[in-house]
Amino acid sequence: MKAIIMAGGEGSRLRPLTCNRPKPMVPVANRPMMSHIVELLKAHGFTDVAVTLQYMPEAIRDHFGNGVRYGINMQYFIEENPLGTAGSVKNAREFLDETFLVISGDALTDLDLTRAVAFHRQRGAMATLVLTRVSCPLEYGVVITKPDGRITRFLEKPAWGEVFSDTVNTGIYVLEPEVLEYIEPGRMVDFSKDLFPLLLREKKPLFGVVLPGYWCDIGNLQQYLQAHQDVLSGRVKTAIPGREVQPGVWVGDGAEISSGARITGPVLIGDGCYIGPGAEIEPFSVLGEGCLIQERASLKRSVLWNNVYVGPGAALRGAIVAGRVQVQAHAAVYEGAVIGSDSVIQERSVVKPDVKLWPHKLVESGTVVQNSLVWGTRCPKKIFGLEGISGLVNVELTPEFACRVGAAFASAMGNRGVRLAVSSDASPASRMVKSALTCGLQSAGAQVVDLGTGITPMQRFAVRQLALAGGVHVRLSPHRSDHVTMVFLNGKGGNISRSLERKVENLLMREDFHRVEPQAILPPEFVSAVGESYIEALMRDLDPAVLEEARFRLVVACDRDNLGPYLKHLTGRLGVTVENLDLPAGTPPATWRNYQETLSFLGRRVRETGASAGALLDANGERLMLVDERGRVIQDNLLTALIALIILRARGGPVVVPVTAPRAIDTLAEKYRGQVVRTKTAVHDFVEKVLGQDEFQFLLNFDALGALTRILEFTAKNGITLGELVDEIPTFFMDQKEVPVPWEAKGRVIRRLIEDPPTTQLELLDGVKVFHPQGWALVLPDPDEPVCRVFTEGASMEIARSLSDFYIDKISQIANSAEATG
């Protein structure tokens, strides 16, 4: 039988381990990753093996040769230019004259390949994907199959809202030679992004088989450490080199262990190692060949490559140490730290958690190398959240981290001299982060356009007005007063795409961003009067005479330092009288949630004064809530419906709303012969769709000042009050709840809801939306928290709440079930 090993990977996310070797040659349990794959293939009868190479091909060819020492025949095919996963296999077409298996050379697995080939032949498949179940499907291709294994749908690297299963593509395929006819030679073609969607569209026999067993895509440093723990604990069936001298302790030839040393398994000690008296080697530690561990040194859950020196009294905790590194006396290297080859950590130095040192670095005696990236490492936790990058000021979001984010963002944006805006709100914390961010942008060669202090809609306007490539606005989080959020914008003033977010995250992870030479560092360009230009732009499409004649009186609650000047300037020019609401004594800090708690007070004040309306605006001018002249609160779904009604009456649509919006909007669209376009709930998806319409919709949805003034203008032009406008919206009943779901169970929950829905009518635009005769329910995994959110609408409030309770119970049962996930 024939097999193809794809071994062209550079392994950029494993840097600094892959700075001087290709990823398949990174050792796992003291053998190159690819050795484990070669032995698995040999065990399943694959004796003719081709290897596709690109990055540092000589390292792999020199090690494996013709394959004779592994008992196989091995030949190599080198890509001169990147061809993608499918393109690289097409490059080996002269070798592929029968059914063949494709497998990655940089994964760790014990899946039954013989069973996969048998399944492929039984089904008469053209292509069979080997599938497995994982707890966190975000970084993989998610797959749905029919009971017979025929593939019906898949999606590469989904966001949580797009996850429809926990069944993922392992990158192991059984293929017939005819699939090569669908791969254009000499072009970048990927199996999961290009070839398999094509076969699915053409209704070719494309199948998936879920196999039990172990599979780990060693894509990052955390997975690399985990793979070693899985080998030592026996979770994966693979050979461990050395003799098992006591349960869970494997020792190589020529290793010397002093009588006073304490070894607690599972542990792997390579050939020729020396363990000094009083040294402690604790569980899940791996030592490569020739390591010298001196007296009283201590290792816990650490992986050492060949010829590492650990001095007297030194301590390693959950660290990865590459070849020929010296960790000298009483030095300490902590969890998640990675030390590149040939580096020296001198006496009494400390390398803090998650620090990465590239090869050939020197840490001088007594130095503390600080951790500059404090984010956790659990698999669903992304640096980017729903609104950008948020963190606790000076703990998670430090100036050092902000500087690196700036360098990564500028690098991801491409060319030197790319023009990027920066701005912040008026808080000292935001200004500090903005300054550090600016330094990082400059260090990577960006031309920084400093807009000063302001609000988020002001920067959205300025990026477009000044024809910039994008920008970052730094503001206090509307949710927590001790958190700061960095909002990243593209050239259209919308939030950057998920793909660009991933690019920035990957650059941060491997710390591989541009650093320009001193003469290429550009000074910031300061732009004054951006706020005035923004107000002028808001005024441009308004009719001041209509507003002045209406003589509106508003009661307003807002942040007077940041948003206040903009509101005062704008309402003053429109003849709107504003009473600033004096909040009761003892009101907590001005987060958006705390402001919402004042709505009843705002409504009472509107009624007492006979005001036209009340308005609650967040400090950065992005969120708006209204109170009509009768004191009724207009927020969330009711505000969405109000905005939709104004767009339909003023422009006739189409109107863009999130997937959670009420069906009352569809009723209004039918009345005014407009179209409703539903989009995902994530800010960047919603913004992108709205930007595709017109400025009017954009202001109503994403600019609190723009929305407030245009709603007032609409009522004035039509001679109606805000309350009368709200009366036109059909009554609807909606409920929203959340249920705790562990990160590792989210994919299983969504898959089970799709496989066994209570009704047959589903929508998978964002999460899983299930339609019932008298309502609908939407289950949406939260990207930032271990919860699923349930949104429902019913013909009555009782029905909406009963739907919520039904799905809360169903989700809890699935999440708490003992079903295996891998």
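**Exercise 1.** Determine in which order the eight strands of the open sheet are arranged, and which strands stand at its edges.

*Solution.* In this predicted model, local features need pLDDT of at least 70, side-chain atom pairs count only at pLDDT 80 or more, and totals for chains, interfaces and linings use all residues. Residues are numbered from 1 along each chain as its sequence is written, and side-chain values use heavy atoms, with hydrogens and water left out.

Step 1. The order is β14-β15-β18-β21-β24-β27-β30-β33, with mixed pairing. Strands are DSSP runs of E with at least two residues, helices runs of H or I with at least four, both numbered from the N terminus; two strands pair if DSSP finds at least two bridges between them.

Step 2. β14 (243-246) and β33 (356-357) are the edge strands; each has a single partner strand, so one side of each lacks a neighbour in the sheet.

Step 3. Within the sheet, β27 (residues 320-321) and β30 (residues 338-339) pair in the parallel sense over two bridges, and Val321 has Ile339 as its bridge partner.

**Exercise 2.** Identify which residues of helix α15 (residues 599-609) are buried and which are exposed on the other side.

*Solution.* Step 1. Leu599, Leu602, Gly603 and Val606 are buried (under 20% relative accessible area; exposed is over 50%, partly exposed in between; 1.4 Å probe, protein chains only).

Step 1. These residues lie on the same side of α15 because they cover an arc of only 100° around the axis, taken from the directions from the helix axis to the C-beta atoms.

Step 2. Ser600 and Glu608 are exposed on the other side of α15.
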